Amino acid sequence: MAALGSKLAQLQSKACEATRFVAKHGCAYHKTLMEKNKHHVVDPPTIQKCQELSKQLFYTRLASLPGRYEAFWKELDSAKLLWKNRNNLKVEDVGVAALFGIELYAWSCLGEIVGRGFTLTGYHV
C-alpha cells in the first residue's frame, strides 16, 4: 500500500507540474496555433454553423461509402487473382506480404498493450 501511495503522490506532483506549465504557456500556444490556422476558422463561430459543418462532414463521409465499397471489392478480386496465380509469384512479392503480415501482428500486439494500460505483465505466454 505504501508503494501505491508514493505512486499516487508522484502522479499528483506530475499533474500539478503539467497544470502549471499549461497555465504559463497555454495562452501563447493557443494564440500562435489560431494565428497559424486562421484560414480554417469559420467566422462567426456560432453553434448553428458548427452543426451545419458537422452535418456536412457526416453526409460527405456517407457519400464516400460507395466508392470505398467498390475499392474494397477490387482489392479483394486482386488478392484472389494473386492467390490463383501463386505459382507465378516472385520472392519480392512474398517478402512484402510477409512484412505486411508481421506489421499487422505488431500493431495488434501494441493495441493490446495499450488496452491493458501500458503494462507488459499478465500475459499468458
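1. Let's start with helix α4: its 25 residues reach 36 Å from the first C-alpha to the last, close to the 36 Å expected at 1.5 Å a residue. That expected span is 1.5 Å times one less than the number of residues in the helix. Helices here are DSSP runs of H or I with at least four residues, strands are runs of E with at least two, and both are numbered from the N terminus.

2. A word on what we're looking at. This is a predicted model, where local features need pLDDT of at least 70 and side-chain atom pairs count only at pLDDT 80 or more, while totals for chains, interfaces and linings use all residues. Residues are numbered from 1 along each chain as its sequence is written, and side-chain values use heavy atoms, with hydrogens and water left out.

3. On the overall fold, the protein has 4 helices and 0 strands, running α-α-α-α from the N terminus on. Its radius of gyration is 25 Å, well over the 14 Å that the globule rule gives for 125 residues, so the protein is more spread out than a compact globule. (The radius is taken over C-alpha atoms, and the rule is 2.2 Å times the number of residues to the power 0.38.) Along the principal axes, the C-alpha atoms fill a box of roughly 65 × 55 × 25 Å.

4. Now the surface. Buried residues make up 0% of the 125 residues; buried means under 20% relative accessible area, exposed over 50%, and partly exposed in between, with a 1.4 Å probe and protein chains only. The protein exposes about 12,000 Å², and carbon and sulfur atoms supply 67% of that, by the Shrake-Rupley method with a 1.4 Å probe.

5. Next, the largest pocket, with about 160 Å³ of space. L82, L89, D93, V94, V96, A97 and F100 line it, and helix α4 (residues 91-115) gives the most to this lining, with 5 residues. By class, the lining has 6 nonpolar, no polar and 1 charged residues. For the terms: on a 1 Å grid over the protein atoms alone, a pocket is an open set of points where a 1.4 Å probe fits, with protein on both sides within 12 Å along at least five of seven lines, and lining residues have an atom within 4 Å of a point. The volume is the space filled by probe spheres set on the points.

6. One backbone spot to look at is the peptide bond from D43 to P44, which is cis, with omega near 0°. P44 is in the loop between α1 (2-36) and α2 (47-63). As background, most peptide bonds are trans.

7. Y105, in helix α4, is exposed at 58% relative accessible area, and its C-alpha is separated by 41 Å from that of E35, 70 residues apart along the chain. Q48 is in helix α2 and counts as exposed at 56% relative accessibility; Q48 and Y29 are 19 residues apart in sequence and 27 Å apart in space, C-alpha to C-alpha. N88, in the loop between α3 (65-84) and α4, is exposed at 64%, with 42 Å between the C-alpha atoms of N88 and L120, 32 residues apart along the chain.

Methods: Nonpolar A, V, L, I, M, F, W, Y, C, P; charged D, E, K, R; others polar.
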